[in-house]
Amino acid sequence: MTTTLAKPDYDVLNVLALKKMAGAPAIAAVVELSPDDVEERLASLAAGGLAVVAGGAALPTDEAEPRLAATAAEIYAGVRGDDDVLALVEQFEKTNAALLTTMSSWQQVDVGGRKVANDHTDAAYDGKVISRLERLVGRLDGLIAALARHDARFATYATRFATALAGIDDGDHDLVSSPTRDSIHTVWFEFHEDLLRTLGRERAE
Amino acid sequence: MADVLAEGYNVFDTKKSPSGTVKYLESPADVIGLIQSGKLAEHILLVRGGTTTFLAPALSMGAIGVITMSGAPESHLGILSREFQTPCVMTAHLTNSDSRYVVGSTDEAHFVEIARELDGKKVRLDCTDDEVGRVVAD
């Protein structure tokens, strides 16, 4: 039987696994720990064979996923039995499909049946995509709140979405889909992966 | 006409036509190993598909091209490859085989066959078509 992780270690390793590669400051920005504390946790996870630390960044090892899964099964048994959460998760699947399509329409536009890169010169088009994104993000409110009743850490997703949307409103459009920033796509992807792990489900093809 | 080994969805049109030796990546450890080897830019990366989320570090570290055996251009990996402008052929199938990926009912042999055929081959990606991405022998 796979042993489980204690809570701060789960949070740190979980965020690392969601980000796939991250330094202590990026992890500390999401979990309620200082960068120094995260650094210490990472060193201990590395010593336990669950992470590799190289050149200021850490990556999860292949042993990380099974350990996280075993821990999630234990600490989120209550979430998995919460009918309110499960009903909201059903809706999320639909919202997720709409989000992926909307992200693609931010990156590419249809010109005469051919997809070409969106050069972002059509402010009205971009504005419509952004408002659709805002609506889709808004649809997660109930689910995030329901999850946060079990574990307060889920509330950080609401804060991250709000920060990204505020930046976009201020004209920082990289915050829509940039993979190197805490963009809507980055936060959404991490939320989705986190949700799947929390529920013990696999990602659908 | 160059020998087209495999075809799939072209995630975005690009004149970039990266060439390299195909490297099949099965797990996060394979990705870590490749990044640490310093030889990331010599390889076209082959993964199973849209659910393969462990590829992100390779993309951010400068992967030159990606082939997947499942998944759609609208998937997370498709979105990332456009953001990083990394040419990407998704749900590739071998041109000399009738085996095709079908969501939810693809047996293991399909993936094994593609990995066996492509892994280690010197190829170039042709992503100039707006729909079809091609893996060409180089």
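Select B:Thr91 to begin; this residue lies in strand E5 of chain B, where strands (E, at least two residues) and helices (H or I, at least four) are DSSP runs numbered from the N terminus. B:Thr91 is buried, with a relative accessible area of 13%; buried means under 20% relative accessible area, exposed over 50%, and partly exposed in between, for a 1.4 Å probe and protein chains only. Although B:Thr91 is not a glycine, its phi is positive, at about 50 degrees.

The model on the screen is predicted, so local features need pLDDT of at least 70 and side-chain atom pairs count only at pLDDT 80 or more, while totals for chains, interfaces and linings use all residues. Residues are numbered from 1 along each chain as its sequence is written, chains are lettered from A and ligands numbered from 1 in the order in which they are written, and side-chain values use heavy atoms, with hydrogens and water left out.

Remain in chain B and select B:Val102, in the loop between strand E5 (88-94) and helix H4 (108-118). B:Val102 is partly exposed, with a relative accessible area of 43%. Display B:Gly71 as well: its C-alpha atom is 10.0 Å from that of B:Val102, and the two residues are 31 apart along the chain.

Next, show the whole of chain A, which has eleven helices and four strands. Its C-alpha atoms fill a box of roughly 55 × 45 × 30 Å along the principal axes. For 205 residues, a compact globule would have a radius of gyration near 17 Å, and the 18 Å of chain A agrees with this; the radius is taken over C-alpha atoms, and the globule rule is 2.2 Å times the number of residues to the power 0.38. Of these 205 residues, 47% count as buried.

Now select helix H1 (residues 7-19) and helix H4 (residues 64-75) of chain A. Two packed helices are described by the angle between their axes and the distance between the axes. Here the angle is about 130 degrees and the axes are 10 Å apart; axes are lines fitted to C-alpha atoms, for helices over the stretch in contact, and angles run from 0 to 180 degrees between N-to-C directions. H1(A) and H4(A) are therefore oblique to each other, since angles under 35 degrees count as roughly parallel, over 145 as roughly antiparallel, 65 to 115 as roughly perpendicular and the rest as oblique. Residues in contact (heavy atoms within 4.5 Å) include A:Tyr10 and A:Leu13 of H1(A) and A:Leu68 and A:Ile75 of H4(A).

Move on to helix H6 (residues 83-107) and helix H7 (residues 123-138) of chain A, which pack at about 160 degrees with their axes 10 Å apart. That angle makes H6(A) roughly antiparallel to H7(A). Among the residues that meet are A:Leu99 and A:Met103 in H6(A) and A:Ile130 and A:Leu133 in H7(A).

Within H7 of chain A, select A:Val129. Is A:Val129 buried or exposed? At 0% relative accessibility, A:Val129 counts as buried. Beyond its neighbours within four places in sequence, A:Val129 is in contact with A:Thr102, A:Ser105 and A:Trp106.

Finish at A:His120, in the loop between strand E4 (114-117) and H7 of chain A. A:His120 counts as partly exposed, at 36% relative accessibility. Its phi is near 60 degrees, a positive value in a residue other than glycine.
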